[in-house]
Amino acid sequence: MSDTINQLREEWSTPCPTLAAVRQRYFTHIASDRYLLRKISAGRIKLKVTRLGGSAKGTPVVYLHDLADYLDAQATKQAA
């Protein structure tokens, strides 16, 4: 298991923080959840978002393991 997931588990009290909380912490340059979702849907940000309840109107959340994968990929890309 990566160090990233362990750090995220210490930082967040839930296994699936809301997209809004993730945006505020890691995407401060993006002003709205809607814009972040558009960038994710377009494939410009490779982050998996899940909606609670399986409904299109459910709250968008990001599971910590998916966030860890994204952050690790970004770190690898920066190191290359």
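Author: Let us start with a term: contact, or touching, means heavy atoms within 4.5 Å. This is a predicted model, in which local features need pLDDT of at least 70, side-chain atom pairs count only at pLDDT 80 or more, and totals for chains, interfaces and linings use all residues. Residues are numbered from 1 along each chain as its sequence is written, and side-chain values use heavy atoms, with hydrogens and water left out.

Reader: Happy with that! Which residues does R23 touch, not counting residues up to four places away in sequence?

Author: R23, which lies in helix α2, touches T28, I30, A31, S32, D33 and L36 under that count. A polar atom of the R23 side chain also lies 3.2 Å from the backbone oxygen of I30.

Reader: Is R23 buried or exposed?

Author: Buried means under 20% relative accessible area, exposed over 50%, and partly exposed in between (1.4 Å probe, protein chains only). R23 has a relative accessible area of 13%, so R23 is buried. A20, also found in helix α2 (residues 19-26), counts as partly exposed because its relative accessibility is 24%.

Reader: How should I read the packing of α2 and helix α3?

Author: Two packed helices are described by the angle between their axes and the distance between the axes. Here α2 and α3 (residues 33-41) pack at about 90°, with axes 10 Å apart. That makes α2 roughly perpendicular to α3 (the term covers angles of 65 to 115 degrees). L19, A20 and R23 of α2 make the contact with D33, L36, L37 and I40 of α3.

Reader: What classes of residue does the contact of α2 with α3 have?

Author: Five nonpolar, no polar and two charged residues.

Notes: Helices (H or I, at least four residues) and strands (E, at least two) are DSSP runs, numbered from the N terminus. Axes are lines fitted to C-alpha atoms, for helices over the stretch in contact, and angles run from 0 to 180 degrees between N-to-C directions. Angles under 35 degrees count as roughly parallel, over 145 as roughly antiparallel, 65 to 115 as roughly perpendicular and the rest as oblique. Ala, Val, Leu, Ile, Met, Phe, Trp, Tyr, Cys and Pro count as nonpolar, Asp, Glu, Lys and Arg as charged, and the others, Gly among them, as polar. A polar contact is a pair of N or O atoms within 3.5 Å; within protein, one must be able to donate a hydrogen and the other to accept it, and residues adjacent in sequence count only if both atoms are side-chain atoms.
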